[in-house]
Amino acid sequence: MPMHLYLKQVLDCFCCCCCCCPKSGASCSKSFLGWHGPKSHSTEQLKNGALSSLTVASANLTWPGVPSKPQEAQTISSLLEEGTPRNRRQVLASTAVWCSTRDLILVEDEVTDTEDNEEEDIGVLEDQRSVILHLISQLKLGMDLTRVVLPTFILEKRSLLEMYANFLAHPDLFLTVSSGSTPEERIIYFVEYYLTAFHEGRKGAVAKKPYNPIIGETFHCSWDVPKDKVKQTRTNSPSPSPKGKAPPPPPPENYKLRFVAEQVSHHPPVSCFYCECKEKKMCANVHVWTKSKFMGMSIGVSMVGEGILYLLEHGEEYVFTLPCAYARSILTVPWVELGGKVSILCAKSGYSATVTFHTKPFYGGKVHRVTAEVKHNPTNTIVCKAQGEWNGTLEFTYSNGETKIIDTTKLPIIRKKIRPIAKQGPFESRHLWQHVTNALREGNISAATDHKQLLEERQRVEERQRAISNTVWKPKYFIKEDEGWIYFDPLWKAH
């Protein structure tokens, strides 16, 4: 039997299944068309303490990418009959079933991440330059690049959702924020963490862009943070080592910091992420809408949205924004810089901070420069100033005359923990993009482009299906609230 007729038969069977199955129950959790989705654990007995608090099972099943009406399945069947073999594969992939509850992320399945996604710092090759020139010739200054398909060779080997996770590469500094004994100390700790977060999130200055997450894509990870690495006060100094040979210390106890991210919208492209540490009674919720703009020989990316850090023990909320990013010199040796003014505000304590990422002047000046001020608004008093480079050395000066130097290049990185791809669901970032990533590692740009186009085509087909059936996309982990998005089970609900 020809392949397209076989696929048509399968889709016809699926159509009948959708119409006849009254509850979409246990039979739907099995793999369909060879797509091995995550197995539902909702009826299994879980070990005590093995289940992450970020992944409580829900009884509401989600069906992304599934034809909701028999007519839609028939339309897809006709596409399979009329299209080329490659198009048939794309349509098949776009209609694969992903039927699951909110994924159950077992802590025992997570292992220390060993991937190193450092990008080579090289210039644009001649054949690549011609592609970029052709692309530029079709663009206008200020044009929104959200819907423009950029060449595959400028991609770095990770999703934007994973890039957000890498902003927490120094989780010890993040958890230290809640340890401050005064509101002034706490906001200073937060500014110290904030300024050191970008160098690892950006993976250096190489101007490559992460994969645009597809709608419904998720990323999960966690960190084990040794308690002895989390500072208690800014003025604490390490105790001297005892004389003589000391017995080896017992393994330190760890704080557990958990993270989940999801792409909740495609147009506009909105990403959300949430992290929490139950023991420290702190969590953060962020939603970001990325807007790209063509600027001649540069590309600017605005990060529209905000985040809120909750310190539940102190009843404080820190509202913060994110800087813009710029890809410069896109025809020669491309590089990245951050720019713009961002704010951090704690309404309860009256403290705020302004952080300015300075772009390099046309003539002279330094790159990657950043300055910051922390102010007590009721008294209009500056309590801390900072200056330096966000990917280099930072100098902090405090109101009591003390100074502190932080070299971001020497800060220890605590690697995140993540489940192997074999244990991830089909819409989790590394599972979803694995073929693109492998092809980029091998330098096979053609194969990477094919795999990327397949994912993009699947997303377009799913959007058309939702438009036909007038179905609104429903994210798994985040709920729209006013103009923002909130994690469905945040830590502050329990306090």
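**View 1. Buried salt bridge between Glu-316 and Arg-186 in the predicted model.** Both Glu-316 and Arg-186 are buried. Their closest N and O atoms lie 2.8 Å apart in a salt bridge. Glu-316 belongs to strand β9 (residues 316–320) and Arg-186 to helix α7 (residues 183–196), so the pair ties together parts that are 130 residues apart in sequence.

**View 2. Network of salt bridges that includes Asp-113 and Lys-416.** The linked residues are Asp-113, Glu-115, Glu-162, Lys-416, Arg-430 and Arg-441. Lys-416 and Asp-113 form a salt bridge with closest N and O atoms 3.3 Å apart. This pair links distant parts of the chain, 303 residues apart: Lys-416 lies in the loop between β16 (403–407) and β17 (417–418), and Asp-113 in the loop between β1 (111–112) and α4 (126–136). Lys-416 and Asp-113 are buried. A salt bridge also joins the side chains of Glu-115 and Arg-430 (3.6 Å, N to O). Glu-115 is partly exposed, with a relative accessible area of 25%, whereas Arg-430 counts as buried at 10% relative accessibility.

**View 3. Lys-280, buried without a salt bridge.** Lys-280 is located in the loop between β6 (270–277) and β7 (282–294). The nearest side chain of opposite charge, Glu-313, is 6.2 Å away. Leaving aside neighbours within four places in sequence, Lys-280 is in contact with Leu-175, Ser-178, Ser-179, Val-230 and Tyr-255.

**View 4. Buried residues of helix α10.** Within α10 (residues 434–441), Gln-434, Val-436, Thr-437, Ala-439 and Leu-440 are buried. Their cover includes β2 (155–159), β3 (209–211), α9 (429–432) and α11. Just after α10, Gly-443 adopts a positive phi of about 75 degrees.

Terms used: Residues numbered from 1 in each chain as written. Predicted model: local features only at pLDDT ≥ 70, side-chain atom pairs only at ≥ 80, totals over all residues. Heavy atoms only, no water. Helix = DSSP H or I, 4+ residues; strand = E, 2+ residues; numbered from the N terminus. Buried < 20%, exposed > 50% of the residue type's maximum accessible area, 1.4 Å probe, protein only. Lys, Arg positive; Asp, Glu negative; His and termini not counted. Salt bridge = Lys/Arg side-chain N within 4 Å of Asp/Glu carboxyl O. Contact = heavy atoms within 4.5 Å.
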